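Trainee: I would like to learn how to read a protein model. Could you take me through one, step by step?

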Amino acid sequence: MFVAKVVGQYVAIDKVATYDILERASLPVPQTFVLQRASFDDKIERDALRNFLVNNKRVIVKPSNTDHGDGVSIGITSWEQLHAALEYALTNSYDADILVQQQVIGDEYRFLVLRGRVIAVANRQPPFVIGDGVKSVRELIEVKNSNPLRGDGHISPLTKISIDEVAHFLGDEKLNSVLAQDEKIELLKTSNLSRGGEAVDFTDIASSPLKDMAVYAARECLLGIAGVDIITTDISGDQGFIIEVNASPGLRMHQFPSIGKPRDVAAMIFDELERLGS
């Protein structure tokens, strides 16, 4: 059991290995191009990447060992954007290779798997603000960050939104602009709670086929506890793409959803650990 746990954690960290395992298990994953770090400036690799972008039209770029959305760029449609995203991924990782993936359509859901069953499902939403016709985007972020539920890092139910990160994504001009009344704007493309995102509970709505897919993915990666990220256009249907398997999934999105029923997943996990230790 110890060996399986160690191997499972390694697999989940190495996303190249994860996608290989999932593909071999006939589980649906996005088309993926692996750019070796040592081949970053290789002309043949660059030409292959251009073709990959042309064929897929819209792609995502991320380091192969990314965590909490570090180094991730979404919605890449041009070579100029792709080149900048590759540079961003390289500077936000140490020795990782870079993954360029087909951007699949749908919403992203986190399935929390515990010992062969899904105990919670949540949809994570990127951080956003809604205009009032008076305050700038920067001021709206400051108001949102003043919520006592928001803190630094992972110590609070919600995380404060980084104005510096928003400035990098939106630009200073947009950051200082005033939104119209009820106008909503996404501040970042990543939906991680550690980036200021929020969560909605979908545990009772998610379909059995998608839950089975998540359980199967966790089992193939040798993980008893896993966070399986699935993108689907219909959470109550049977079609979706697995985009990530996490060995150390966050619990805040399930314990403290902004909308929906809180799930005491921490207690479920502790109960399971006690049962296994008895």
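Trainee: How many helices and strands does the secondary structure of the chain come to?

Mentor: Two points before we count. This is a predicted model, where local features need pLDDT of at least 70, side-chain atom pairs count only at pLDDT 80 or more, and totals for chains, interfaces and linings use all residues. Residues are numbered from 1 along each chain as its sequence is written, and side-chain values use heavy atoms, with hydrogens and water left out. Now the idea: helices (H or I, at least four residues) and strands (E, at least two) are DSSP runs, numbered from the N terminus. Here the chain has 10 helices and 13 strands.

Trainee: What percentage of the residues is buried?

Mentor: Buried means under 20% relative accessible area, exposed over 50%, and partly exposed in between (1.4 Å probe, protein chains only). Buried residues make up 47% of the 278.

Trainee: In what order do the strands of the open sheet lie?

Mentor: First, pairing: two strands pair if DSSP finds at least two bridges between them. In this sheet, 5 strands follow the order β11-β6-β5-β12-β13, with antiparallel pairing. The edge strands, β11 (198-201) and β13 (241-246), each pair on one side only. From one strand to the next, the twist averages 30°. Axes are lines fitted to C-alpha atoms, for helices over the stretch in contact, and angles run from 0 to 180 degrees between N-to-C directions.

Trainee: Which helix packs on the sheet?

Mentor: Contact means heavy atoms within 4.5 Å. Helix α8 (residues 208-220) touches β5 (107-114), β6, β12 (225-232) and β13, and its direction makes about 135° with that of β12. Buried residues of α8 include L210, M213 and A217. The buried residues of this helix also pack against α2 (15-24).

Trainee: How many bridges does β5 make with β12 and with β6?

Mentor: Strands β5 and β12 pair over 8 bridges, antiparallel. E108 stands opposite I231 in β12. Another 6 bridges join β5 to β6, also antiparallel. There, Y109 has N123 as its bridge partner. On β11, N123 stands opposite V200.

Trainee: Why is β5 called largely enclosed?

Mentor: Because 6 of its 8 residues are buried, β5 is largely enclosed by the rest of the structure.

Trainee: Which residues of α4 are buried?

Mentor: Start with the general idea. An α-helix has 3.6 residues a turn, so residues three or four places apart point the same way. In α4, W79, L82, A85, L86, A89 and L90 are buried. They cover an arc of only 135° around the axis, which puts them on the same side of α4. That arc is of the directions from the helix axis to the C-beta atoms. The face turned away from the buried side of α4 carries exposed E80 and T91.

Trainee: What covers the buried residues of α4?

Mentor: The cover includes β1 (32-35), α3 (43-56), β2 (59-63), β3 (73-76) and β4 (98-102).
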